[in-house]
Amino acid sequence: MNNSTEIEISVSKVTCMTSCRLAWKFRYIDKLPTYMDANLLLGQAVHHALASFFTHKISTGSNLSMRDLLELYNNAYDNIPKAQEVRFDKDEDPLETKIKGLNCLTLYHPQAIQIKPLAVEQFFSFMIPGTGIKFRGYFDLLTEDDWVLDYKVIAKAYPSDVIQKSLQMQAYDYAFRATTGKLPKGLSYQCMVKTKVPRIDILSGVPHTKETLDRFLKLSVQVAKDMQSGNYYPSESPMNCSKCSYKDACERWHL
Ligand code: SF4
């Protein structure tokens, strides 16, 4: 691939392509509508609330109260479905799902007030060296002391080595170096685990090795080539397909 064929990729594009090429085509080429499930709604509402919380802190130097944070979450949770279709499974109750988010943020507020934010939802892009591939995305949160933080609302705890293994964190690490000229001091998933008794897991790690980042770049280049190949086929599995927005189109794929 040379510089005359610029192509844009992101963490979402890479993870979608490596999960199911046909779903990638439906999403990024055919631009079929997607729906949001309960988990995504909850996660987006938490992101909206925390983005507003930290934006307020950057502009005023003060923390919003827990009550204000929960109010931000409530508003986001109620308003997101007005903009995008949300489908709940038969066994999912919208109010119960909403309460899970409230419980997670109630636990996370004491952690949030300790953080010194520098930038919220910060856009980044960088060119992969020697290619025409632009990698773009957003940092959830950068701190004054050069930490890269990302919030997650998850059903089950992440493994302890997730910072090193996560493609998203590898992308953030590379992007931080490429856009600031500095090493991040560390990278951290701020996990809200929405188990019956919710809890907060702060999983932090040091910057990645050169070998890990080289592997990340190689994967990104390979996926960019696959995106242009026109070679799209279904990868059926319970994990890929259970929440897929494109089941109907997928059924008709062979016709
Ligand atoms: S239903 Fe499964 S195989 Fe079909 S597009 Fe979706 S993820 Fe891929």
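Predicted model: local features only at pLDDT ≥ 70, side-chain atom pairs only at ≥ 80, totals over all residues.
Local features are taken where pLDDT is at least 70 and side-chain atom pairs where it is 80 or more, while totals for chains, interfaces and linings use all residues. Numbering starts from 1 along each chain, as its sequence is written.

Take the ligand to begin with. Counting a residue as near when its C-beta atom, placed from the backbone, lies within 6 Å of the molecule, the shell consists of Cys20, Leu22, Ala23, Pro234, Ser235, Glu236, Asn240, Cys241, Cys244, Tyr246, Lys247 and Cys250. By class, that makes 8 nonpolar, 2 polar and 2 charged residues; here Ala, Val, Leu, Ile, Met, Phe, Trp, Tyr, Cys and Pro are nonpolar, Asp, Glu, Lys and Arg are charged, and the others, Gly among them, are polar. Helix 2 (21-29), helix 9 (238-241) and helix 10 (247-251) each put at least two residues into the shell.

Helix 5 is next. Its 19 residues, 94-112, reach 26 Å from first C-alpha to last, close to the 27 Å expected at 1.5 Å a residue, where the expected span is 1.5 Å times one less than the number of residues. The helix still bends by about 30 degrees at Thr106, with Pro110 following within four residues; the bend is the angle between axes fitted to the seven residues ending at a position and the seven starting there. Buried positions in helix 5 are Lys100, Gly101, Cys104, Leu105, Tyr108, His109 and Ala112. A residue is buried if 20 or more other C-beta atoms, placed from the backbone, lie within 10 Å of its own, exposed if 12 or fewer, and partly exposed in between. As a general point, an α-helix has 3.6 residues a turn, so residues three or four places apart point the same way. The cover over the buried residues of helix 5 includes helix 3 (38-60), helix 4 (66-83), strand 6 (147-154), strand 7 (186-193) and strand 8 (199-205).

Leu105 counts as buried because it has 25 C-beta neighbours inside 10 Å. Beyond its neighbours within four places in sequence, Leu105 is in contact (C-beta atoms, placed from the backbone, within 7 Å) with Val46, Ala49, Leu69, Leu70 and Tyr73.

Val46, Ala49 and Tyr73 turn up again in the largest nonpolar core, where they, Ala45, Phe53 and Tyr172 touch the most other members out of 56 residues. Helix 3 gives the most to this core, 8 residues. Such a core is a set of buried Ala, Val, Leu, Ile, Met, Phe, Trp, Tyr and Cys residues joined through C-beta atoms within 7 Å. Away from its sequence neighbours within four places, Tyr172 is in contact with Phe139, Val148 and Leu187.

His48 also sits in helix 3, but counts as partly exposed because it has 18 C-beta neighbours inside 10 Å. Outside four places in sequence, His48 is in contact with Leu72 and Ala76; the C-alpha atoms of His48 and Ala76 are 6.5 Å apart, although 28 residues separate them along the chain.

Finally, two loop residues have a positive phi without being glycine. Lys31, in the loop between helix 2 and strand 2 (36-37), has a phi of about 50 degrees and counts as exposed, with 8 C-beta neighbours inside 10 Å. Asp146, in the loop between strand 5 (133-143) and strand 6, has a phi near 65 degrees and counts as partly exposed, with 14 such neighbours.

Key:
Contact = placed C-beta atoms within 7 Å.
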